[in-house]
Amino acid sequence: MMNVENRFCQVSGVKVHLRQGGQGRPLLFLHGAGGVMGWSPFFEHLAKGAQVWAPDHPGFGRSDDPGWIKHMPDLAMFYLDFLDQLAPEHGVDVVGHSIGGWLAAEIAVRNSRHVRSLTLMSSAGLRVPGTPMGDIFIWNDEETARHLVFDPAMRAARLAAQPSDEEADVLVRNKFSFAKLAWHPRLFNPDLQKWLHRIQMPTQVIWGDHDGLFPLAYAHHWHQQLPGSSLNIVPDCGHSPINEKPAETAALIHAFIARDAA
Amino acid sequence: MKILNFTLMPYRPMDIAASKQHRSAWVVLPNTFYDPELGAHEYESYIDLLAESETLGFDGVCVNEHHQTAYGLMPAPNLIASALIQRTKRIRIAILGRALPLVGNPIHIAEEFAMLDNMSRGRIIAGFVRGIGAEYHSTAVNPFYSHERFHEAHDLIVKAWTTPGPFPWEGEHYNLNYVNLWPRVYQQPHPPVWVPSQGSIETIEWAADPSRRYPFLVTFSAREAVVRNLTAYRDQCRQFGYEADPGQLGWAAPVYVADTEEKAQNEARVAIEALFNDFLTLPPEMLLPPGYTSAQSLKKIIATKKAIGRGGFGPGNASRQTLERLMELGTVLVGTPKTVLAQIEKVREQTQLGNFVAMLQFGTLNNELTRRNQAMFASEVMPHLQAL
């Protein structure tokens, strides 16, 4: 296990919990609705080729929950402040998963000064008309596991997990903040698509081939909306390539960043 | 005491066995289960039954709002209230209530209540609720902002009723240049506002505030919870430095009376069990969307799941509630007029409640039994309560 630094920083009056580890180009990982529940194998792999920054979004994990962040555009503006304050001179590679992907795109259309490259993984943020996404808010735990996780053993492990008291607090916080950001319009911003042409930096789209929340049509839609993007479909994988295929997913990100560096 | 008659207007012809293939009678139950011909008959029956309350001597009738469910056919309760205004002369019409956070512009609610208040010459009671969790799924309104929207909508409606217009509203969720109600409300300063709730300390504190003193109506709760919540309300009033008026305390419960205990139970059983097990089927994901309730309550649910080792309350998981169990808990009152009266009197002694809302039609209870139940309750139970 490599050395991971857990620290708090103050951005725009918000105390943010930040994990940092690894060597290489700085990489900002924007987590999905479940938050970051620890330095997982994905981060271990990723940190072998990048200096990983994994903050808890305001309202999630151990970060503050300021009342003024009311929706995803507010959160994106907050992260522009975050990057202004903390990003190194050449910027960061941004990787976002699920609502973190949505957030990454909202940041990039607003101001890409600090964004060297963009990786959108199983990303929320757009709607594909005629292809409904799953209703993650109405699913029970078993249905959620079935839709999000492809591997039966991982699914069973997810269902058997017994959160500690502290973890249960974080789960509930994350759930509340998730609803705040994504309940309506459900998991997308109707205004985002018309501004996607502002995303000019190298971009890749990563998707599990068995994502039961955002079907594959969503991957192709993102890919089409972002000319020049690359598309990687991860086989035998659900909504979280970072959990189900950590090594492969980290390798895709490393290769993509290496291409940009070359 | 004041006694009001209430029905949820459930869709009784529902094919209950077939409905079990769906996770709930709410949100996702296909509306192909609804037959318009049978449904039209339901509306006619229910309006007739409620309208008869006036000659039976009730103090009022109640309607309420629920969306996209077989549990209740009143997504727009004011339409039923309007019909009842035309069918009655004397009694109160209580709309318990309108779900304030679910509308885009609360002025619509202020206007409709003002119309009903004029049309009834001041007979309406305006209930304010948040809607239940499932309705945040069916309307897509964000439950995270449910409390905020409720409070802002309430403040806006009451101001619209009591302050000469036009005035602007500069709010967080609602922004209006011109608030100027036509018509104004008939009752002064405004129609009574009731707060039906299953009871949370925040709601009790808010309703009991000396600036409001809104009657609090405990619905669908076990006797122990009714007493606990009404006592909490009374204590809260004392903390605010005043004594609660009995009219500030209410209880709503299903009631069935017949000549013998056995007959009452036999006639009520199927209908009561349908209400609690078939119409009121709500998995926690529907009942408690994030933000609808406090973080603590949601955490408790997660802890409960952990304790009982299951991942949800999907179809087939929940155990059926029997009539006996519901009677034992005091959630429903079923028996002879004497025993039912004794149960209500007992709660009254403990709480000094001044309003009792009798749900005399519930679940699949048919017109004939409902009519008999209403008549017997009205002649053998109600006069004793009204005399208290």
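Predicted model: local features only at pLDDT ≥ 70, side-chain atom pairs only at ≥ 80, totals over all residues.
**Figure 1. Overall build of chain A.** Chain A holds 9 helices and 8 strands. Its C-alpha trace spans about 45 × 40 × 35 Å along the principal axes. Among contacts with a separation of 6 or more, 77% come from residues 24 or more positions apart.

**Figure 2. Surface and charge of chain A.** The chain carries 22 positive and 27 negative side chains. The centres of these two sets lie 5 Å apart.

**Figure 3. Overall build of chain B.** Chain B has 15 helices and 11 strands. Its radius of gyration is 20 Å, close to the 21 Å from the globule rule for 388 residues, so chain B is as compact as a globular protein of that length. The C-alpha trace spans about 60 × 50 × 50 Å along its principal axes. Buried residues make up 57% of the 388. Residues 24 or more positions apart give 75% of the contacts with a separation of 6 or more.

**Figure 4. Surface and charge of chain B.** The accessible surface of chain B comes to about 16000 Å². Carbon and sulfur atoms account for 53% of this surface. There are 35 positive and 39 negative side chains in chain B, with the centres of the two sets 3 Å apart.

**Figure 5. The largest nonpolar core and B:Phe377.** In soluble globular proteins, nonpolar side chains tend to be buried together. The largest nonpolar core here has 194 residues. A:Phe82, B:Trp161, B:Phe356 and B:Phe377 touch the most other members. Neighbours within four places in sequence are left aside for B:Phe377; its remaining contacts include B:Ile3, B:Phe58, B:Val255, B:Val257 and B:Ile344. B:Phe356, B:Met382, B:Pro383 and B:Leu385 are also among them. Another core, of 21 residues, lies apart from the largest one. Its members include A:Phe42, A:Leu46, A:Ala250 and A:Ile253.

**Figure 6. The loop position of A:Pro190.** A:Pro190 sits in the loop between α6 (165-182) and β7 (203-208) of chain A. Its relative accessibility is 48%, so A:Pro190 counts as partly exposed. A:Met133 is 57 residues away from A:Pro190 in sequence. The C-alpha atoms of A:Pro190 and A:Met133 are 15 Å apart in space.

**Figure 7. Two cis peptide bonds in chain B.** Most peptide bonds are trans. A cis bond joins B:Leu96 and B:Gly97, with omega about -5 degrees. B:Gly97 belongs to strand β3 (residues 92-99) of chain B. Another cis bond links B:Gly165 and B:Pro166, where omega is about -5 degrees. B:Pro166 lies in the loop between α7 (146-162) and β5 (167-170) of chain B.

Figure 8. Most residues other than glycine have a negative phi. B:Gln68 is not a glycine, yet its phi is positive, about 55 degrees. B:Gln68 is in the loop between β2 (60-63) and α4 (77-87) of chain B. At 51% relative accessibility, B:Gln68 counts as exposed, because the cut-off is over 50%. B:Ala140 also is not a glycine and has a positive phi of about 70 degrees. The loop between α6 (133-139) and α7 of chain B holds B:Ala140. B:Ala140 counts as partly exposed, at 25% relative accessibility.

Note on methods: Residues numbered from 1 in each chain as written. Chains lettered and ligands numbered in written order. Heavy atoms only, no water. Helix = DSSP H or I, 4+ residues; strand = E, 2+ residues; numbered from the N terminus. Contact = heavy atoms within 4.5 Å. Lys, Arg positive; Asp, Glu negative; His and termini not counted. Charge placed at Lys NZ, Arg CZ, Asp CG, Glu CD. Core = buried A, V, L, I, M, F, W, Y, C linked by side-chain atoms within 4.5 Å. Buried < 20%, exposed > 50% of the residue type's maximum accessible area, 1.4 Å probe, protein only. Rg over C-alpha atoms; globule rule 2.2 N^0.38 Å. Areas by Shrake-Rupley, 256 points an atom, 1.4 Å probe, with all protein chains shown as cover.
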